[in-house]
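Welcome! Please take a moment with the sequence and the 3D view below, and then we can walk through a few of the details together.

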Amino acid sequence: MPDRDTNSSMNSHDDTYKCSLGSDDFILVEEVVSGRKTSTVEAVQGICLCMKQKLCKTVAMKNVRRRVPILNWLPCYTIQDGLGDIMSGVTVGLTVIPQSMAYAGLAGLPPQYGLYGSFLGAFIYTFVGSCKDVPMGPTAIVSLMTYSTLHGYGPEYATLLCFLTGVIQLAMGVCGLGIIIDFVSGPVSSGFTSAVALLIIASQIKDLIGVHGTGSSLWEMMCSLYKDIDTISYGDTVIGVGCIVFLLVLRVIAEVRIGPADPEQQSCVQKYTNKSFWLIGSIRNSIIVISCTIMSYMFISAQDEKFELPYKIIGTIPAGLPEFRLPQFTMQRNNETISFFEIMSTMKSNVVVLPLIGLLENISICKAFANGKTVDATQELLAIGLCNIGNSFVQSFPGSGSFSRSAVNNASGVRTPLGGLYTSILVIVALLFLTPYFYYIPKTCLAAVIITAVVFMVEVRVVKPIYRSKKSDLIPGMFTFFACLFLPLEIGVLFGIGLNLTSILYHAARPKISIQEYKTRAGFKYLMLTPDRCLVFPSADYVRNLVTKHSLKRDMPVVIDCSHVYGADFTAAKVIEMLTKDFSDRGQALFFYNLKPSVVDVFKGVKPKELVFYYNKKELDRLLQKSTEQRYTMLQPLLQTK
């Protein structure tokens, strides 16, 4: 193998530009043989062959198993897996029934639409979902986003929104755009989640105290509540506050443990007691709703027909499963037909933002319960996209994975995604047989369920670690938080993501460059500049100005250490061409150290006047000595004239 130094030459024989290629020991050179031109028929045949190969690769069993995860775990399904899934599915079902009705109210829809969105999507996720802990259905964040999108329009708009959300998520998954979620930083996500939690709490105060409130931003909600504060219902307030207290007490009971901390050292009585405490705390929503429903039924039955209730109830809920049909793409309002495009203009940017929020919520759950495994964001996009499309056929509104129900699912000992099947069955049973009893549920009880579920979503605990780690990360997080509170929700989250991307672009445009003076063993002084990242168009001029400034100030040979430069673009190549020309015109040496072959190819594309680079530090003495001699030769006529 030839020596690396001998392969490095300072000058090229090309008259247009001078270029030192360094070592080419590991550079593959393809010989291009010119032949006849390819005909149109042959080109079409080549395209068809390429498409056929792509299709065969797509339908290969390996990819099918990747996109239909049930094929991986179902063949090895055991009785223990079944018992764990049944237990967790029933437990989650008892949680999702009251939650889904409450979240439907949060979305501005009748309670039954929450139940409609809690069975088919969960069933579909069983086949295509990659995370065993995710129970598909309505969530607090997506429900609030749905409310801000619908602007008070009917359930038909919500069903169409669900369909569009699923289609967009599915299309993003097919195109492999799950990477988009990587551009939402942790502080932005925390700021958004915390703001949404406060907005949800504010939106439920009206039902908690029995007043009529409106608004989508925090300011609008507070102003509306202030105007209606005189109409407060003391019956609703007493029931709602009492439910909140009991729900918080039951939440504490779920965390109570008696006996030794190690389960293996506990007695049978202690184990069963701890499991009972946990189960009571986990199904606390169902316990409260059932208790309030029974008391409400007994109270209403004891009164005559003319008696006016001191609290508001849900009222009649249609019994049975929803009709399976396509969403409506045109609407009738005030004897006027509203076209699909008019509906889209009404929903505005939420049609795009809501699918991303659903994905963000789902991926957060998958990462939290991944136990070190990788999370396939593309597969989750495909899964929740199919679930939302399926839910739109049963007149539901958009949904995603719920963090609170996922925690219950995981703690219940779920083994596979099949737990969602048993949750679906329980919801179907409730729709078929229990809807007459839902009539008596107090609205303030469901408001209490939502408030106690989301109050712990306010991520105050992350502020201190972010401050200790990197204080500047608090800026996009706090900006997102306040923007989501006081602006429309979709605008707030877009502003937060935009600020985060601006920060990323700023760092890309202003790379850190260390500047140091060195002396070789031969006694030659030179200036070493080391950029810490790739050279691309936002940073190219900045680097050029910095190099020019310090090279003129110190008037010595300059070396740019490219060890961290793994890529470049055309703009950077043009800047390097101008830089090498400037140095050549004033007779000052400019060398590039450890320039990657791929970057060399980019720079050579613009044919710079003189591009000199090396890979061995021992070669620097020779290059500096030669540049000194050349500069002396250039200045000698001027010295003789003087």
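Which helices do the buried residues of α14 pack against? They pack against α5 (79–106), α12 (234–254), α13 (268–282), α19 (419–438) and α20 (443–454), where contact means heavy atoms within 4.5 Å.

Before going on, please note that this is a predicted model, in which local features need pLDDT of at least 70, side-chain atom pairs count only at pLDDT 80 or more, and totals for chains, interfaces and linings use all residues. Residues are numbered from 1 along each chain as its sequence is written, and side-chain values use heavy atoms, leaving out hydrogens and water.

Among the buried residues of α14 are Arg284, Ile288, Val289 and Cys292; buried means under 20% relative accessible area, exposed over 50%, and partly exposed in between, with a 1.4 Å probe and protein chains only.

| Cysteine | Relative accessibility | Class |
|---|---|---|
| Cys162 | 0% | buried |
| Cys175 | 56% | exposed |

The whole structure holds zero disulfides, a disulfide being a pair of cysteine sulfur atoms within 2.5 Å. The sulfur of Cys162 has its closest cysteine sulfur in Cys387, 9.8 Å away, so the two are too far apart for a bond.

Notes:
Helix = DSSP H or I, 4+ residues; strand = E, 2+ residues; numbered from the N terminus.
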